[in-house]
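Please look through the structure below before reading on. The briefing that follows takes it topic by topic.

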Amino acid sequence: MPSDEDVAIRVRDLYYTYPGGVEALKGVNLEVYHGEVLAIMGENGAGKTTLVKHFNGILKPSRGQVLVKGIDTRHASVAELSRIVGFVFQNPDHQLFADTVYEEVAFALRNFGYPEHVVENRVRWALNLMDLWKYRSKSPFSLSVGERKRLTIASVLAYDPEIIVLDEPTAGQDYHQKEKISEIVRLLRLMNKTVVMVTHDVEFVTEHVDRVAIMAKGRIIATGPPQKELCDMQLLREARLVAPQLVKLSLILRKHGLLNELEYERRADKLALKLTEVLKGGADGGSPGL
Amino acid sequence: MMVRVSGLSYRYPGSESWVLRDMHFEADAGEFILLVGPSGCGKSTFARVLNGLIPHFYGGELLGEVEVCGMDPREHPTYEFAECVGFVFQNPENQLFFTSVERELAFGLENLGLPREEISRRVEQALREYQLAELRDRSPYELSGGQQQRLAIASVMVMQPRVLVLDEPTANLDPFTAARILALVRRKTIEEGVAAIVIEHRLEVALPFATRMVVMVDGQVVDDGHPVEVIARQKHIVGKPRALELVEHLAREGIYLEVEKPSPEHVALSIVRAYRVRKLAERRRRRDSS
Amino acid sequence: MEALQAFRFKRENTVIDRADPRARVLLSLSLAALSLYAQSVEKQLLIISTVLVVAAVARRLRKLAGVMKAALPLSAIIFILNWLFGPQADPVQPLVLALRFLALSTSLSLFFMTTSPDELSLLLESMRLPREYSMLVTMSFRFVPTLALDVEAVMHALQSRGLELERGGFTKRAKNYLYLMVPLIVYEVRRSLMAAEALEARGFGSPRRPTRYQELHAKASDYFFIILLALYIVLFLVL
């Protein structure tokens, strides 16, 4: 049983009903551990974003409890919780308002009461990290879509929250932008941050994530390492998720006897080596599969 | 040829730089053309030339030869293109204007001045075909994202365009729903010979439906051809789905696969075929030697 | 926020909903006109009760009560100010004015509660208003819930960066709310540009006269309503 120190966010029997009457969360239990990278997956409407909006108090439970580092979210304001939980929204355009990129990043730091010389240091650090320092005097609205996304990430990283929530970080991003987001997630891991990401991108998940929590119809139906959960075709069907490409491929190969067990190989080069042995081994009259 | 573009260059009003540069492009009936490229390469700008939004809505300077449905956008206003070119935008919210599905479907036809009986006939047919019949009185905000996008496509298809342009139509949808929407578009290209030009970033989702792939970088067309071949050449720009990465790694090990369609299922089956061919060859070799 | 609910249309299936929107608008406008004309407290109360009865028939009594609740403070202010600064220390006139305010707001919101934005635009078009203008009205209504969601999204985004909107004194919080303005305005301007593009892409703006797919057709029951209404007006004026 993981001790309380290991648990960054504890969700206990969480129910949430929207003001319009829709019950979006039906008894969710979850523990987010320090330093892990957790992905919350499921189809649109399963409750993923509703769930993570409880982590910084944007939504308060209708029933049940959410504890962030021991603090009950019902007793804290969003601004207070945001010091611990940095939320990067899917759409950067909902929050850009400052005259310059610099001011945009400084905003959160000033709200949290940091002295100006600290603000300056942190803004410079965050903007450099996201390769945006050269735009510091430009208007945020003049940046491209990908740059605006990096700007929102910089704004959150600047005040160094312990937990970072990413809402669909790869949605609408082109190949290069996705690579950049990959780098950022790797960096966050190095910085020992706890990262929770809401995403559909199974390929991204297989690359970066320690654990997945799969949601369907307001409940978490499975948690576990991606190697295990993303191979469970019945689970994926129930959650209306698309399996990673190599998993789909491996399943067909298993059906035709080329692979023995469902080896979830997430790297194409490693899988290629295995298959080469099978194909060349088969040609030597050896037994099929491994 | 539904679309014929040659030497196309364009710059926005007041801008020094050319967003589109000397583009050559053609599209014929029945094609499903996947248009890709890094953010800012001019894909969305090019899409808007095809229905006259450029130059009429945006102004600016348009050079070169452009012919869509036999019309040059410089000589015909946007509303004349509406009969022949259907445009589906990324965000369904901003292209649904009414509070009932039925009215939304009728809108474009009202603008075309068709007689009421014809409008009624087409609306009823669309309600059936796009599975919107039970939703006919609903308002767009009562619909899910997938339903909204289906409605957006239906509202455009009901005008019976010859060319369909979709600008990141699945950006806000989960992969499962995205695949269904694109399958719908592919059906239209097959059944009605519509020429579809689809801008998408998520290759894994869109590739299975594409008959052709065009890559743009910095306002120019840098590649145009069979999807699998184009990806092999441009993977550093557009990324490469895992299944095709696997094909590449296998090739390095000396195993060459013939893949006509870039989906994991097809790659898996071609691996199975290769395996069977080798087993057969081996059996023959053993028989001959004994 | 509840006051806004009054302008949110929700579909029901009552006699009032099935009536032609022209009959409904005549009802609301007549009641409003009578309220402006009447000078006695009793007549204002009569109008308000009529509105309540119609709302009950339309199964929207609770919603209408919400509107009245929201209008009560302003109504009270009208009463107090007119009483204090009126020519005589006579409470009757101020009471009439206060009740008139309630009568006007409830009778008009009754119309909007029972009329969908599409019906409203059909109504305007039947009065020969050009399509561009009737669509302005329809689209404004259609986007109100969307805008409400946008306000919420901007609020959450800024709160998540430490903007305190839940604690603290009134002035500080009010000042903080000002930060929402810029992102909201930029976002909505962008949205309206995208909607304009989409409208053009669907053939809007052609000089050709668009077909009117749906039209209003008055039924026998609508004429019956109008006759009832006329009777009511006559009795009201005479008694």
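**Domains of chains C and B**

Chain C is assigned two domains, domain 1 (2–115 + 218–238) and domain 2 (130–201); such bounds come from an automatic or database domain assignment. This is a predicted model, in which local features need pLDDT of at least 70 and side-chain atom pairs count only at pLDDT 80 or more, while totals for chains, interfaces and linings use all residues. Residues are numbered from 1 along each chain as its sequence is written, and chains are lettered from A and ligands numbered from 1 in the order in which they are written.

- In chain C, the centres of domain 1 and domain 2, taken over C-alpha atoms, are separated by 31 Å.
- Chain B is divided as well, into domain 1 (3–238) and domain 2 (241–290).
- The C-alpha centres of these two domains of chain B lie 37 Å apart.
- Where the domains of chain B meet, seven residues of domain 1 are in contact with six residues of domain 2 (contact: C-beta atoms, placed from the backbone, within 7 Å).
- On the domain 1 side of chain B, the elements giving two or more residues to this contact are α8 (203–206) and α9 (227–238). Helices are DSSP runs of H or I with at least four residues, strands are runs of E with at least two, and both are numbered from the N terminus.
- The most comes from α9(B), with three residues.
- That side of domain 1 of chain B has six nonpolar residues, no polar ones and one charged one. Here Ala, Val, Leu, Ile, Met, Phe, Trp, Tyr, Cys and Pro count as nonpolar, Asp, Glu, Lys and Arg as charged, and the others, Gly among them, as polar.

**Contact between chains B and A**

- This contact takes 38 residues from chain B and 37 residues from chain A.
- On the chain B side, α7 (175–192), α9, α10 (242–252) and α11 (264–289) each supply at least two residues.
- The largest share of the chain B side, 13 residues, comes from α11(B).
- The side of chain B that touches chain A has 20 nonpolar, seven polar and 11 charged residues.

**Contact between chains B and C**

- Here 30 residues come from chain B and 28 residues from chain C.
- At least two residues of the chain B side are supplied by each of α3 (78–81), α4 (101–112) and α5 (116–129) of chain B.
- Helix α4(B) gives the largest share of that side, seven residues.
- The side of chain B that touches chain C divides into 15 nonpolar, 10 polar and five charged residues.

**A sheet in chain B**

- Three strands of chain B form an open sheet in the order β2-β1-β4, with antiparallel pairing. Two strands pair if DSSP finds at least two bridges between them.
- β2 (20–27) and β4 (61–68) of chain B stand at the edges with a single partner strand each, so one side of each has no neighbour in the sheet.
- Strand β1 (residues 3–11) of chain B pairs with β2(B) in the antiparallel sense over five bridges.
- B:Arg4 stands opposite B:Glu26 in β2(B).

**Nonpolar cores**

- The largest nonpolar core has 191 residues, and those touching the most other members are A:Ile40, A:Ala154, A:Val165, B:Val163, B:Ala196, B:Val198 and B:Leu246.
- A nonpolar core is a set of buried Ala, Val, Leu, Ile, Met, Phe, Trp, Tyr and Cys residues joined through C-beta atoms within 7 Å. A residue is buried if 20 or more other C-beta atoms lie within 10 Å of its own, with C-beta atoms placed from the backbone.
- Helix α3 (residues 101–111) of chain A gives the largest share of this core, seven residues.
- Apart from this core lies another, of 25 residues, including C:Leu27 and C:Phe225.

Conventions:
Buried ≥ 20, exposed ≤ 12 C-beta atoms within 10 Å, placed from the backbone. Contact = placed C-beta atoms within 7 Å.
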